[in-house]
Amino acid sequence: MHVAIFVFDGVSLFHVAAPQMVFGEAAVIADDPAAWSVTLFSTGTGSVEVAGGTRLSGIAGPTTADDADVVIIPSWPESTPEIGEDLREILVRAHARGAVVAGLCLGAIAVADAGLLEGRAAVTHWLGTDTLLGRGRCGSVDDSVLYIDHGDVITSAGTVSAVDACLHLLRRRSGVDLANRVARRMVVAPHRDGGQAQYIENPVTAVDSEASMSTVMQWAVGRLNHNLSVAVLADHAGMSRRSLIRHFRSETGTTPARWVTRQRLDRARQLLETTDLDLRMIAHTCGFGSEVTLRQNFTAQFGVPPSRFRSQFR
């Protein structure tokens, strides 16, 4: 397998190293280095200066991608510029001849800019989700998964999810045994459960003190273990239920019920990370009523059950 990894000035060394490590380890374990090739390339030749000021030399030119089995965009600048015409042509040409194109982390934005995700689901780092959606060059963005594989195009969530995506690609192309052996050498899980939703920073909503819903929201956040039905919220706001729902949706983009559930889940996530409270007590504290209800809602939102989430973050 020939893997070509695109690099650019300012790219993070970690993002470049992730696919290098996975496919480089595969070459060592397979004991057939001649059958494997991992090359760094750019739209020019010579060298690039990575984040932190280190300079990488010996970077191959764009023709390196012309015979690659996999072309990887390992990241993209945080300013998310539009893809250049030269890189667009490289990706389109590689895709047209049957190479797999992978956009890892923010690299998914570049792959979308190249027109390879039209009408398709994609995933990127959660900080770039709005940008990817705003570009309008993919069918949808799913932050509930670590990677999405369409066979010819793969995108992954943020940072370490690049390793997950590369292990998946290795598993698909070269078998489970080799992928698992590489994972063991790297001391990572061959396959991780859940998606990046469990990692997204989403603290209790900050509210504008002058917004009409502000008082209601602040009041609700302070009593998540109480009944916070629409009727109760409307009564506290001195509004009819219909008026409350209309104003709430206008100012927050969601319904009161969904907002309350998300606040309760975020509080539960905080307690799982920072306390030793059992699930029954956390459910009561956050207003879920029962451990079962907490577990169902938490798993639906974050992709992992509360107990597994706690074991990962404690």
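Visitor: How do β3 and β4 run, parallel or antiparallel?
Guide: Strand β3 (residues 46-49) and strand β4 (residues 55-59) run antiparallel and are joined by four bridges. Strands are DSSP runs of E with at least two residues, helices are runs of H or I with at least four, and both are numbered from the N terminus. Two strands pair if DSSP finds at least two bridges between them.

Visitor: Which residue in β4 is the bridge partner of Val 48?
Guide: Leu 56 is the partner of Val 48.

Visitor: And what is between the two strands?
Guide: Five residues separate β3 and β4, which form a hairpin, and Gly 52 in the turn has a positive phi of about 95°.

Visitor: Before I go on, what sort of model is this?
Guide: This is a predicted model, in which local features need pLDDT of at least 70 and side-chain atom pairs count only at pLDDT 80 or more, while totals for chains, interfaces and linings use all residues. Residues are numbered from 1 along each chain as its sequence is written, and side-chain values use heavy atoms, with hydrogens and water left out.

Visitor: OK. What is the strand order in the open sheet?
Guide: The open sheet has six strands in the order β2-β1-β5-β6-β10-β9, and the pairing is mixed.

Visitor: How many bridges join β1 to β2?
Guide: Five bridges join strand β1 (residues 2-6) to β2, and the two run parallel. Phe 6 stands opposite Phe 41 in β2.

Visitor: Which strands does helix α1 lie across?
Guide: Helix α1 (residues 13-30) lies across β1, β2 and β5 (70-73), at about 165° to β2. Helix α5 (residues 161-174) lies across β5, β6 (100-103), β9 and β10 (153-156), at about 150° to β10.

Visitor: Back to β9. Is Ile 148 buried or exposed?
Guide: Ile 148, in strand β9, counts as buried at 12% relative accessibility. Buried means under 20% relative accessible area, exposed means over 50%, and partly exposed is in between (1.4 Å probe, protein chains only).

Visitor: What is Ile 148 in contact with?
Guide: Leaving aside neighbours within four places in sequence, the contacts of Ile 148 include Ala 121, Val 123, Asp 142 and Ile 154. Contact means heavy atoms within 4.5 Å.

Visitor: New topic. Which residues touch the most other members of the largest nonpolar core?
Guide: Phe 23, Trp 76, Leu 91, Leu 170 and Val 182 do, in a core of 69 residues. A nonpolar core is a set of buried Ala, Val, Leu, Ile, Met, Phe, Trp, Tyr and Cys residues joined through side-chain atoms within 4.5 Å. In soluble globular proteins, nonpolar side chains tend to be buried together.

Visitor: What does Leu 91 contact?
Guide: Beyond neighbours within four places in sequence, Leu 91 is in contact with residues including Val 71, Ile 73, Val 101 and Leu 116.

Visitor: How many disulfides are there?
Guide: A search of the whole structure finds zero. A disulfide is a pair of cysteine sulfur atoms within 2.5 Å.

Visitor: Where is Cys 105?
Guide: Cys 105 is in the loop between β6 and α3 (107-113). Cys 105 is buried, with a relative accessible area of 3%, and has a positive phi of about 55° although it is not a glycine.

Visitor: Last one: how many helices and strands does the protein have?
Guide: The protein has 13 helices and 10 strands, and buried residues make up 46% of its 314 residues.

Methods
Axes fitted to C-alpha atoms, helices over the stretch in contact; angles between N-to-C directions.
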